[in-house]
Amino acid sequence: MHMAAKGKVVGIISNLVVVEATDAVAQNEICFIKVDDEQLMAEVIKVIGKSVYVQVFESTRGMKIGNDVEFAGHMLEVTLGPGILSKNYDGLQNDLDKMEGVFLKRGDYTFPLDHDKEWDFKPLAKPGDTVQAGSWLGEVDENFQPHKIMVPFVFEGTYTVKSVTEAGKYKIADTMAILVNSKGEEIPVTMMQKWPVKKAITAYKEKPRPFKLLETGVRTIDTINPIVEGGTGFIPGPFGTGKTVLQHAISKQAEADIVVIAACGERANEVVEIFTEFPELVDPHTGRKLTERTTIIANTSNMPVAAREASVYTAMTISEYYRSMGLRVLMMADSTSRWAQALREMSNRLEELPGPDAFPMDLPAIISNFYARAGYVYLNNGKPGSITFIGTVSPAGGNLKEPVTESTKKAARCFYALQQSRADGKRYPAINPIESYSKYLEYPEFEEYIAERINDQWLGKINEMKTLLQRGLEVSEQINILGDDGVSVDYHVRFWKSEVIDFVILQQDAFDSIDAVTSLERQEYMVNKVMDLCHMEYTFDSFAEVGPYFKRVINLLRQMNYSEFKSEKFYNYEKELKETLTEVTV
Amino acid sequence: MATKAFQKIFTKITQITKATVSLQADGVGYGELATIQGQLAQVVKIIGDEVTLQVFGGTEGIPTNAEVIFLGGAPTLKVSDQLAGRFFNAFGKPIDGGPEIDGTVVEIGGPSVNPVRRKQPSELIATGIAGIDLNNTLVSGQKIPFFADPDQPFNQVMANVALRAKADKIILGGMGLTNDDYLYFKQVFDNAGALDRIISFVNTTENPPVERLLVPDMALTAAEYFAVEKNESVLVLLTDMTLYADALSIVSNRMDQIPSKDSMPGSLYSDLAKIYEKAVQLPDGGSITIIAVTTLSGGDITHAIPDNTGYITEGQLFLRSDSDVGKVIVDPFRSLSRLKQLVIGKKTRKDHPQVMNAAVRLYADAANARTKMENGFDLSDYDERSLAFAKDYSSDILAIDVNIGTEEMLDQTWKLLGKHFKKEEVGIREEFVKEYWTEQE
Ligand SMILES: Nc1ncnc2c1ncn2[C@@H]1O[C@H](COP(=O)(O)OP(=O)(O)O)[C@@H](O)[C@H]1O
Ligand SMILES: [Mg+2]
């Protein structure tokens with residue numbers, strides 16, 4: 001970059017510090033401010049003449065005018081290499097497990113990887129190969145994932161492989177290959193590399209539209225509004241409507257190779273839940289422990305505010321790293337609103353002209369640039385890789401007409417709107433089936449894919465189901481206005497058909513070991529069951545018979561949901577259901 | 001307070017606003033405490049040699065030549081076992097006529113617990129109140145506020161909960177308490193013979209509002225001493241956090257910060273989170289549980305204070321007067337304990353989750369029936385039954401004057417279900433229905 005400058009503190013307003021620098025500094029450059037015997041990390045966010053404004057990633061308590069500052073000569077960056085999986089990092093990628101004591105210590109920075117661990121290396125490239133940034137030189141086994149050792153992303157242009165280290169056990173700092181650049185210089189490559197988090201890693205050939213269903217086991221997503229490998233989605237909702245439970249469910253169940261979770265400015269106990277559960281729970285697709293495929297970036301609400309912003313970028317960069325290995329990465333951030341609030345706090349301290357709700361003017365651009373880093377790609381070697389990104393949004397007062405929700409709506413392709421009244425009625429997951437959407441349903445590529453994966457009737461069936469839900473809603477509004485006997489019995493039947501869909505397909509108990517995760521095969525089975533039932537003609541003498549009857553039907557279908565798929569119990573309930581249906585159908 | 005050796009004295013005041021004083025000074029640390037004519041103040045901004053202080057007691061009567069003495073550090077509390085049984089003001093000074101405390105000096109508002117060192121909360125806190133234990137079970141290490149209108153008996157409920165919970169220490173952080181409420185707490189704790197395990201930090205309506213800003217940190221610093229050093233289970237009561245947030249907005253508005261929603265500072269979420277996230281289950285057995293009060297205006301939970309609180313805490317207990325039964329109840333719709341999953345059906349009987357959900361669902365049916373009734377429509381037999389159920393459920397289960405064990409709450413609920421509904425109407429797993437259903441007339 002340039003010669004690292006030095007400086008002195010000349011102003012302090014909470015965690016915004018003004019520094020007078022001796023030499024040139026760069027926007028977003030990292031610096032360290034010495035307070036007593038601690039070095040506090042900070043990032044340049046604005047420069048006016050000699051005054052360099054930095055946001056400090058720690059509490060500034062005790063900092064004084066005149067404290068020494070040393071610039072680092074680089075931007076905020078992460079260290080990439082084998083050993084990231086199963087790690088618990090803070091927003092700046094410090095390894096939390098390496099820190100001593102119960103309390104976090106200011107200025108305590110720990111190395112994110114393990115210097116001493118040995119990895120089983122297998123070469124993939126040969127001498128004479130032409131390579132570029134992101135090319136696979138070899139691979140090591142990281143928790144049963146083929147972790148590729150790549151040409152560092154910062155390398156520009158092409159190189160020739162001079163040698164690749166032979167198979168064996170090596171440590172991250174060992175030289176794994178020697179490359180030769182166009183000037184004939186030899187450059188050693190280790191298993192480790194660094195990358196500045198605010199820049200996207202673009203070591204791929206193309207980024208087509210994503211089209212492959214990403215199975216999550218959540219019925220109201222997979223069946224009603226599916227997300228795809230490399231897709232983007234967001235979950236807005238007032239507090240307590242189920243954002244975190246839904247994200248946790250997806251991260252436990254989704255068919256992904258790697259899961260990166262950014263706990264951004266939310267509750268510490270929710271992260272503890274992951275720490276406690278993931279080592280015990282198994283990935284339903286591979287049978288291996290969930291921790292093995294997961295990395296957690298924990299920057300909870302009581303941790304430094306400025307590092308909140310860093311945390312989502314750190315998580316995204318780690319995701320991009322694994323995508324470059326040809327893996328399917330799922331990244332979750334809970335909650336992106338906290339990140340936006342961190343930006344707002346800083347923007348206010350900088351006395352910038354505020355945008356709507358005092359958020360920074362460029363918030364929409366920041367959010368859409370971030371979502372754009374997700375996606376399905378073909379790497380330079382033709383292999384696919386993906387980052388599916390799902391963020392939660394915590395709208396103030398539950399009002400979706402606020403800047404973070406509106407900006408995110410423009411950036412994300414799936415919208416899972418959590419509805420207060422559904423949550424109040426314990427209709428979980430509280431995703432409103434009518435307002436929510438998946439734009440992927442409109443992609444012909446997806447249509448083709450799903451026809452292959454399930455059948456070509458599927459999308460039609462789902463559309464019909466949505467129509468029935470919409471009709472049910474209309475009828476219930478009419479009943480509210482006209483009264484039960486103000487509408488025909490048919491209308492009651494129509495309403496109760498939508499209730500069957502709601503209770504059996506949409507609602508799903510995230511805390512029931514069986515109901516929590518539904519395989520695609522089982523989703524198809526139940527959708528068929530429910531739609532068959534909706535296609536039947538029913539004869540009732542009066543509206544008063546309709547509700548009680550359908551409650552029995554719903555009850556049996558729910559008992560099926562609670563039973564092991566295709567078990568004896570499951571079939572028994574199915575049989576009972578069949579008998580119940582013959583009572584009133586024609 | 002720090003000793004004389006650290007003290008630096010200045011007199012060049014350049015600016016005075018209602019809550020802040022600026023002066024020329026050097027060698028001052030960010031967040032450092034100072035006194036201005038005996039009034040406590042804290043450094044909130046330093047630009048070059050201009051230091052801005054937030055004056056806790058307000059700036060009335062401060063002259064431009066006032067003597068400003070810097071005390072060398074952030075606000076502190078002396079911690080030791082001597083804290084037990086004592087009453088302090090927001091600065092940690094005794095207000096009960098007793099002697100000063102001997103102990104270790106600790107800066108308040110200290111660092112956060114490393115999330116990987118936390119343990120998952122798992123100890124159920126029984127309160128006897130079914131609206132809590134049955135529907136919104138509390139767990140030690142949890143943080144949860146009561147959401148209540150100012151005329152509701154939240155302090156009484158909180159005092160009951162505190163005394164029934166088996167905590168080693170109860171720490172009261174009172175902010176803007178009326179003198180009557182302060183005496184009320186003192187009296188119930190005394191009557192219960194619990195005074196020796198209670199510690200109070202109190203800012204009453206008679207004290208300057210900005211002083212309140214120190215109360216939660218004082219209370220939690222004391223809590224950390226007992227939870228971390230002594231491995232005790234500590235229950236912290238914070239009332240009323242709305243008045244705390246109001247004090248935050250006073251300061252930030254006077255410092256010309258751009259207010260966000262409801263004239264609250266943009267940092268409200270972080271400010272509240274720093275307090276509530278002190279709730280923790282520690283690895284060596286100690287725990288800090290926070291039960292707070294957030295008063296609402298006109299039941300509006302979309303106001304910035306309850307809204308931000310709800311996003312931070314692990315649920316909320318919503319108090320509401322039910323005019324049908326003439327009692328204050330814990331509203332099952334808007335109330336939530338996010339940690340209940342960790343204990344219900346595990347530490348309690350296995351039918352607990354299903355019974356709880358079924359009853360709330362049926363209560364919701366009653367709400368729909370009521371709407372129908374109010375709109376002048378005929379009620380079905382089911383509507384009538386759900387309304388009758390709601391009445392029983394409200395007075396026997398949800399009311400805050402209920403005081404029974406958890407098993408009894410479950411049995412009682414099954415009884416009500418059996419009294420008003422048919423088996424297939426309750427939607428509970430068959431195995432539980434088989435075991436607990438009681439047919440009744
Ligand atoms: N799918 C679900 N099944 C059962 N309960 C749920 C479900 N989703 C949410 N809940 C309930 O709602 C509570 C709040 O959910 P949470 O995800 O923490 O909300 P948010 O993150 O939106 O504030 C949970 O503690 C749980 O009691
Ligand atoms: Mg959440």
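Guide: Contact means heavy atoms within 4.5 Å. Leaving aside neighbours within four places in sequence, Lys278(B) is in contact with Gly110(B), Pro111(B), Leu220(B), Glu224(B) and Ile288(B). This is a predicted model: local features need pLDDT of at least 70, side-chain atom pairs count only at pLDDT 80 or more, and totals for chains, interfaces and linings use all residues. Residues are numbered from 1 along each chain as its sequence is written, chains are lettered from A and ligands numbered from 1 in the order in which they are written, and side-chain values use heavy atoms, with hydrogens and water left out.

Visitor: Is Lys278(B) buried or exposed?

Guide: Buried means under 20% relative accessible area, exposed over 50%, and partly exposed in between (1.4 Å probe, protein chains only). Lys278(B) has 11% relative accessibility and therefore counts as buried.

Visitor: How many aromatic pairs does the structure hold?

Guide: Rings of Phe, Tyr and Trp (its six-membered ring) pair if their centres lie within 6.5 Å; planes under 30 degrees apart count as stacked, over 60 as edge-to-face and the rest as tilted. Over all chains, the structure holds 44 aromatic pairs. Among them is the edge-to-face pair of Tyr313(A) and Trp339(A), at 5.9 Å centre to centre with 85° between the planes. Tyr313(A) and Trp339(A) are both buried.

Visitor: Which residue lies over the face of Tyr382(B)?

Guide: A charge sits over a ring if NZ of Lys or CZ of Arg is within 6 Å of the ring centre and within 35 degrees of the ring normal. Lys551(A) lies over the face of Tyr382(B), 3.4 Å from the ring centre. Ring pairs also link Tyr382(B) into a cluster with Phe333(B), Tyr363(B), Phe389(B), Tyr393(B) and Phe421(B).
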